[in-house]
Amino acid sequence: NAKPAPPTRHDQDRLIGGLLSPAFDEQSCRSRYASPHYRRPSPFRPSTYLVERLRRYEARHRRCGPNGPLFKEAVQHLRSGRNAARSECQYVVWTPFNGVGNRMLSLGSTFLYALLTNRVLLVHAPQEFDGLFCEPFPGSSWTIPVDFPITDFAGSFTMWSPTSYKNMRQAGSVSGDHRNVSADRLPAYVFLDLIQSFTDAAFCEADQLVLAKFNWMVIKSDVYFAAMFFLMPAYERELRRLFPEKEAAFHHLARYLFHPSNDVWGIVRRYYEAYLARADERVGLQVRVFPEMPVPFDNMYGQIVRCSEQEGLLPKVVRKDSDGEANHSSPAAVAPESSRTKLTSVLVTSLFSDYYERIQGVYYANPTETGEYVEVHQPSHEGEQRTEARAHNQRALAEMYLLSFCDRIVTSAVSTFGYIAHGLAGVRPWVLLRPPSPETHADPACVQSKTVEPCLQAPPRQICGAAEGTDIGALVPYARHCEDEHKGLKLF
Ligand code: GDP
């Protein structure tokens, strides 16, 4: 009986240190095993415990997931309107809200929640979300089937829903003490409304014990609520084992869960090979101008230049004297001709093309100080956010991926689009800070983040067990306020 060969180094890289299961068919999802090769090796390794827990999760998902007898039984209970007292499988159904970046943060958070509470993650995928990602769990599906009893997600899950946990508690229909809650008297499902400022609802241990009695749960969120679990003593030990480096929690979750579909990967791969592959260094620049903070072009462009000069990010160009002649004392004039000239690619992503045009124009008209070459590219300029359009979302996802292939990444403050890019990359970004108002300047122009983690922009105002007014950024040594959003929370 020959023993199976030990995993080779190639396998280790291909499977990201065991993070990915080898059980998938490569052709059905080309990005899964290919995308790690488009990046520098990650500085973070998944823990053996995380790998073990993922394999256990996959086994549970196969057992409890759509099409099996256990799933059929659980769906029957859901249809009956009553929660079953005991159930072998418990579920959390995620429903999308807001842009692709917001969706990925909340979906990644929901998956961590499923891991921590032994639930099976299912996804409500409306047409604009369908076709973005590959199936993440081998031998099963995460998409709710077409005959699923809940259909009107938009209508059923609002802040007024009687099935919302917060509303049930307020109406007194469910007690906050699990000892007074009998599972078979509960409704068939509970809705956790974790949208922006409503993150208050569920992060007390007492609430978690009540929630654990519901076999079905629906989560709607647009934030990285995963960060909250790191403040809860009940999950502390488990999270320490799963993520000994807390800074890499989302990095690992995202690399495990989010694999662009073959359509999206086609966009990514073609663009990368055509425009970025030859570069010695790739710098990603994500310029997000929010409609509610309409920073004028000149201010934003000026901020990018100040950031670049302050942090040495984009290659400097030779300043011309007043006659338009290049200053020949620059190192460009003395660079040895024989050595291969360095090529830097700048990848700009933005809804608008004007930042790209200005930067491209600068490198077209001027040599760099070092003599290196700079090419500037922007894949698309969509003009406006169109979350309801599938092809638009596919391009957004492709661009987050392309940014994540860059060696250095500059992002815009409070943009979840940027969070995804540097989270996937495992790179600490430079963040272009928000000015106090559209007409004023941010000072400093940017800072380098101390972590690759995304920011939870709207943590609960009040933490269970902590005195009123307690600073949420000072509760545990590994969480602090975010550079780009002072009231937010980030893991380090
Ligand atoms: P956030 O609003 O910056 O936090 O990021 P989201 O991804 O949640 O929402 C912004 C949405 O606007 C994206 O999902 C895209 O639909 C669109 N969008 C914003 N910036 C870009 C960009 O640079 N490229 C593309 N293709 N779409 C963008």
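These questions and answers explain the terms used for a predicted model.

Q: What makes a residue count in this model, and how are residues numbered?
A: This is a predicted model, so local features need pLDDT of at least 70, side-chain atom pairs count only at pLDDT 80 or more, and totals for chains, interfaces and linings use all residues. Residues are numbered from 1 along each chain as its sequence is written.

Q: What does the pLDDT say about the protein?
A: pLDDT is the predictor's confidence in each residue, from 0 to 100. The protein averages 93. Of the residues, 93% score at least 70. Over residues 329-334 the pLDDT is below 50. That stretch still has 12 contacts in the model beyond near neighbours in sequence. Two residues are in contact if their C-beta atoms, placed from the backbone, lie within 7 Å. The model scores ipTM 0.99 and pTM 0.95.

Q: Why is α12 called oblique to α15?
A: Helices (H or I, at least four residues) and strands (E, at least two) are DSSP runs, numbered from the N terminus. Axes are lines fitted to C-alpha atoms, for helices over the stretch in contact, and angles run from 0 to 180 degrees between N-to-C directions. Helix α12 (residues 262-276) and helix α15 (residues 390-404) pack at about 45 degrees, with axes 9 Å apart. Under 35 degrees is roughly parallel, over 145 roughly antiparallel, 65 to 115 roughly perpendicular, and the rest oblique. The angle therefore makes α12 oblique to α15.

Q: What is the handedness of the crossing of α12 and α15?
A: The crossing is right-handed. A crossing is left-handed if the near helix is turned anticlockwise from the far one by less than a right angle, and right-handed if clockwise.

Q: Which residues of α12 and α15 meet, and of what class are they?
A: Among those in α12 are Ile 267 and Tyr 271. Among those in α15 are Leu 397 and Ala 398. The contact has 9 nonpolar, 1 polar and 2 charged residues. Ala, Val, Leu, Ile, Met, Phe, Trp, Tyr, Cys and Pro count as nonpolar, Asp, Glu, Lys and Arg as charged, and the others, Gly among them, as polar.

Q: What makes α15 oblique to α16?
A: Their axes come within 8 Å and cross at roughly 45 degrees. That angle makes α15 oblique to α16. The crossing is right-handed. Met 400 and Leu 403 are among the α15 residues in the contact, and Phe 417 and Ile 420 are among those of α16. By class, the contact has 8 nonpolar, 1 polar and no charged residues.

Q: How do you know whether α11 and α16 are parallel or perpendicular?
A: The axes of helix α11 (residues 249-257) and α16 cross at roughly 90 degrees and come within 8 Å. The two are therefore roughly perpendicular to each other. In α16, Ile 420, Gly 423 and Leu 424 take part. The contact divides into 4 nonpolar, 2 polar and 1 charged.

Q: What makes a residue part of the shell around the ligand, and which come nearest?
A: A residue is near a molecule or strand if its C-beta atom, placed from the backbone, lies within 6 Å of it. Of the 21 residues around the ligand, Gly 99, Gly 101, Gln 385, Ser 415 and Thr 416 come nearest. The largest share, 5 residues, comes from α15. By class, the shell has 4 nonpolar, 13 polar and 4 charged residues.

Q: Why is the peptide bond from Asp 443 to Pro 444 called cis?
A: Its omega is near 0 degrees. Pro 444 is in the loop between β9 (430-432) and β10 (446-448). Most peptide bonds are trans.
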